[in-house]
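Subject: Structure for your files

Hello,

Here is the structure I said I would pass on. My notes on what was found in it follow below.

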Amino acid sequence: MENELHNLIKVWISAIISLCYCFYISSKLPKGIFKLFSLTPIFIFFLYLPLTVSSVHLVGITAFFLSWLANFKLLLFCFDQPPLSPPPSNLFHFISLASLPIKPKQKTPSQNKSKPPQRSILFAIKVLILALLYHCYSYKQNLHKNVVLAMYCVHTYIELELTLALAAIPARAMFGLEIEPQFNEPYLTTSLQDFWGRRWNLMVTSILRPTVYYPIRRISTRLVGSRWAPLQAIIAVFVVSGLMHELIYYYLTRVAPTWEVTWFFILHGVAVAAEVVVKKVVPEKMRLHPVVSGASALGFVAVTAVWLFFPQLLRNGVDEKTIGEYCKLMDLLKGLLPF
């Protein structure tokens with residue numbers, strides 16, 4: 001673990017140096033092909049960096065933040081698109097915006113109001129559930145593998161949400177930056193479109209819209225007209241998301257891709273496009289109740305995930321490695337605590 005931490009430090013020092021080059025050199029170039037050419041070595045380098053780390057957690061974080069988010073943000077930067085354009089005057093802000101899931105703080109009247117009690121209660125419940133899951137991992141050898149898998153999935157969702165929520169506190173106070181929300185209570189979804197567009201992995205959604213959805217929709221409008229262009233753009237977004245997940249799976253497993261996770265996202269892209277068509281054709285009063293459509297959407301996600309999303313991870317023992325690393329970390333923390 002100590003060696004892995006050293007590797008992680010080297011990775012992020014290299015990333016920071018690379019982003020300094022982007023800030024001081026590439027930002028001075030005109031948008032378009034010249035800026036894109038200047039950033040091509042950075043794109044390649046950020047794709048390489050996760051290969052220098054082996055811990056499942058550290059690989060996942062590095063791949064998601066650098067190979068996916070940073071590269072896509074820099075791609076937008078090539079054409080003077082937000083969030084990196086216009087470039088922040090402060091180098092630290094530029095590096096933070098490029099490499100982390102954050103956005104500039106936007107003050108609104110609601111920010112001055114206290115958080116609703118329901119949110120605080122939900123936060124406390126999720127902390128308790130996470131603590132219970134940590135405890136249950138000690139008995140995972142006595143549990144069915146599907147139960148352990150379900151525990152791991154819930155654990156991943158809750159930990160990501162809580163970690164980002166806690167990280168937002170010093171970010172607001174010290175740097176005036178707001179952490180992008182990772183999830184928006186996905187279990188309250190009312191449809192597949194609602195699940196993927198407004199509730200699940202919102203950082204990815206916000207970066208795929210300007211990099212994939214809008215350009216494809218503009219091109220498709222000229223080819224097939226404005227009526228069908230959004231459907232092609234939706235499917236394109238899911239194809240790109242599937243390919244990026246396939247890349248992250250390679251970082252995690254270091255085995256050749258099987259394309260199962262890509263087909264998972266293609267299937268969901270087609271399903272979301274079909275749902276959009278149905279909503280246009282079927283009057284609102286004749287649609288399913290949101291509770292029914294939401295439950296159906298979650299069921300579809302669960303069934304297709306078991307079929308296509310998880311098999312590659314399970315075959316290569318990524319779930320066991322992940323749980324094992326969590327348990328080792330908890331044992332280490334217990335040894336450091338005086339009680």
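The structure, which is a predicted model, holds 6 salt bridges. One of them pairs Lys-35 with Asp-80, and the closest N and O atoms there are 3.1 Å apart. Lys-35 belongs to helix H2 (residues 33-48), while Asp-80 sits in the loop between H3 and H4, so this pair ties together parts that are 45 residues apart in sequence. The burial of the two partners is as follows: Lys-35 is buried, at a relative accessible area of 2%, whereas Asp-80 is partly exposed, at 37%.

Another salt bridge joins Arg-315 to Glu-260, with 2.6 Å between the closest N and O atoms. Here helix H12 (residues 311-315) supplies Arg-315 and helix H10 (residues 260-281) supplies Glu-260, so the pair links parts that are 55 residues apart in sequence. Glu-260 has a relative accessible area of 17%; the cut-off for buried is under 20%, so Glu-260 counts as buried.

The side chains of Asp-194 and Arg-199 also meet in a salt bridge, at 2.8 Å from N to O. Both Asp-194 and Arg-199 are buried. Through salt bridges that share partners, Asp-194, Arg-198 and Arg-199 are joined into one network.

On the chain as a whole: the protein chain has 13 helices and 2 strands. Of its 339 residues, 43% are buried. The chain exposes about 18900 Å², and carbon and sulfur atoms supply 69% of that area. If you take the contacts between residues at least 6 apart in sequence, 71% join residues at least 24 apart.

Next, the helix packing. Two packed helices are described by the angle between their axes and the distance between the axes. For helix H3 (residues 56-78) and helix H4 (residues 91-99), the axes come within 7 Å and cross at roughly 115°. On the H3 side the contact is made by Phe-65, Leu-66, Leu-69, Ala-70, Lys-73 and Phe-77, and on the H4 side by Phe-94, Leu-97, Ala-98 and Ser-99. Sorted by class, the residues in this contact are 8 nonpolar, 1 polar and 1 charged.

Ile-234 is placed in helix H9 (residues 229-253). With 12% relative accessibility, Ile-234 counts as buried. Leaving aside residues up to four places away in sequence, Ile-234 touches Tyr-213, Gly-269, Val-272, Ala-273 and Val-276. For one of these, Val-272, the C-alpha atom is separated from that of Ile-234 by 7.6 Å, although the two residues are 38 apart along the chain.

Last, the annotation. The unreviewed UniProt entry lists "transmembrane region" for residues 7-26, 120-137, 149-175, 228-252, 258-278 and 290-310. I have values for two of these spans. Residues 120-137 are 94% helix and 0% strand in the model, and their end C-alpha atoms are 26 Å apart. Residues 290-310 are 95% helix and 0% strand, with 28 Å between the end C-alpha atoms.

Regards

Notes
Residues numbered from 1 in each chain as written. Predicted model: local features only at pLDDT ≥ 70, side-chain atom pairs only at ≥ 80, totals over all residues. Heavy atoms only, no water. Axes fitted to C-alpha atoms, helices over the stretch in contact; angles between N-to-C directions. Helix = DSSP H or I, 4+ residues; strand = E, 2+ residues; numbered from the N terminus. Contact = heavy atoms within 4.5 Å. Nonpolar A, V, L, I, M, F, W, Y, C, P; charged D, E, K, R; others polar. Buried < 20%, exposed > 50% of the residue type's maximum accessible area, 1.4 Å probe, protein only. Areas by Shrake-Rupley, 256 points an atom, 1.4 Å probe, with all protein chains shown as cover. UniProt positions renumbered as here; feature names shortened; annotations may be inferred. Salt bridge = Lys/Arg side-chain N within 4 Å of Asp/Glu carboxyl O.
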